[in-house]
Amino acid sequence: MSETTRGASTEVDLTLRVNGSARRLRIDSRTTLLDALRDRLELTGTKKGCDQGACGACTILVDGKRVLSCLTLAAQCDGREVTTIEGLSRDGGLHPVQEAFIRHDGFQCGYCTPGQIMSAVALLAEGRAGSDEEIREFMSGNICRCGAYPNIVAAIREAAGRDAGV
Amino acid sequence: MQAFEYIRADDVASAVALVSGDPTAQYLAGGTTQVDLMLKDGVLEPERLVDITRLPLRGITRDGDVLRVGALATMEELATDVTVAERLPFVRDALLASASTQLRNMATIGGNILQRTRCRYFRDTSVAACNKRAPGSGCAAISGAARMHAILGASEHCIALHASDLCVSLVALDAVAHIQGPEAQRSVPLTEFYVVPGDRPDVENVLRHGELLTAIDIPLLPPGTRSGYLKVRDRASYEFALTSAAVALAISDGVIARARVALGGVGTIPWRAPEAEAVLRGAPAGAQVFRAAADAAVHDPFTVPGTASKVELAKRTLVRILETLTEPTPSASRASGRSALWESPPRSPTASTTPPAGGSARCRSPSASFSDGRRAGPVGRWP
């Protein structure tokens, strides 16, 4: 048998690279990445909505790709690069997508907003903001119960460098 | 839920040994089903969880007219693969009609094939009657809220749906699953991989405990084939199918030379419909033939009040995609000049024609593809 983390321990030691910093943790194997971020690393910007993979509020980036942190075991992310909403700002300034959400009032209660913004950042990197229809389709995993969708689409459209709706 | 031992496997052999040697052990891949059913619903309670996500099973490689897809390739990776766009457009369409980008970035192809049912009674441990979760306990769904349940392959023992979109296209294509066991490898066509519930709904496929799905082989569609995946659902995106249909057709002079048909949203397993294919084969493309094919596809359904409407809905879904694929002139909406891979949103209905061999476009627009298809006619082998 090759080298594996044997022994009947239900605890896991891991290192997460969160927003550029290495963070060492010992966690219960059941810990989701969402709970590790919020409860252990005090990064509460990532929100727990449905906690069951249906709402998108917990969207973060792992190795640059958007995923749901509520359905990700933290143990699986040993050595991975994790980016949360707290990691978007540079030199104290907001990310262009964050600025666009503010400018277009892309939220009401704000609870889904970190997930919306992380998803939008990934969407732009994927090259999927070519039309409003495309933005709506590829943002459909992020639910906004306040119904701020038109303004969210407008914010992403602007961040993508398109002025008018198509 | 109970605590479990977490082990990250470094190679396939040790992963298979770890799980096959321990009846309480289970595999963990993308986690979108497994973590949900363990941590959130408490339906699965492994004492040992073997993480296989770092095994070298991710690659997507073409070998002649077959695409080999590693079981750990993600849904998103397969959906954006260039060969899939060119030669398996209805696989791409089924994938992009599934879940959300976040989930597709996590979920693996192996996990999609092995996904568990969304049946709410299976997933709710406070419900006593579930033959799939607790064999012999009964079925709460047949007298419950069963709109999202199966009508084909179903019985009074179980009406749980296999909710995959991807697998509907895969069974239509005769994809083959490669399986690694503790002692040997074996290969099983996907059409023989799933097991209808009968009186043992807890048995869902031919895998033995510890066997690991390592890859699937997908035969590419011959150039000139018209294919499409139509998904009918309650909202336009990010929703499971009420009904769906995956169809591939080779048409020559208005006659259907070859046909592949499979249905989703209606089967306890991804539902290949050879009876419909037999009706279509050699027949002229037209409304009467399509309706006869639909009647043949949805035969002897088992319905409860919540699912009775799906009989007609499934038939109309199949008729609609057949009509779309055989339209003499593509409709304006499909001829709108979309050309980039991303600009083909998985709205229904989608239809594509596999471009002729040597085509240089990464993803032809439907209009161009249809022109090519009409001009070229059916060519190539059909396995």
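Predicted model: local features only at pLDDT ≥ 70, side-chain atom pairs only at ≥ 80, totals over all residues.

Trainee: Why does chain A count as compact as a globular protein of 166 residues?

Mentor: The C-alpha atoms of chain A fill a box of roughly 60 × 30 × 30 Å along the principal axes. For 166 residues the globule rule gives 15 Å, and chain A is as compact as a globular protein of that length because its radius of gyration is close to this, at 17 Å.

Trainee: What share of the residues of chain A count as buried?

Mentor: A residue is buried if 20 or more other C-beta atoms lie within 10 Å of its own. Of the 166 residues of chain A, the share that counts as buried is 48%.

Trainee: What distance separates the centres of domain 1 and domain 2 of chain A?

Mentor: The domain assignment places domain 1 of chain A at 11-87 and domain 2 at 96-159. Taken over C-alpha atoms, their centres are separated by 21 Å.

Trainee: Which element gives the most to the side of domain 1 of chain A that touches domain 2 of chain A?

Mentor: The contact takes 14 residues from domain 1 of chain A and 11 residues from domain 2 of chain A. On the domain 1 side, strand E3 (59-62) and strand E4 (65-68) of chain A each supply at least two residues. With three residues, the element that gives the most to that side is E3(A).

Terms used:
Residues numbered from 1 in each chain as written. Chains lettered and ligands numbered in written order. Rg over C-alpha atoms; globule rule 2.2 N^0.38 Å. Buried ≥ 20, exposed ≤ 12 C-beta atoms within 10 Å, placed from the backbone. Domains from an automatic or database assignment. Contact = placed C-beta atoms within 7 Å. Helix = DSSP H or I, 4+ residues; strand = E, 2+ residues; numbered from the N terminus.
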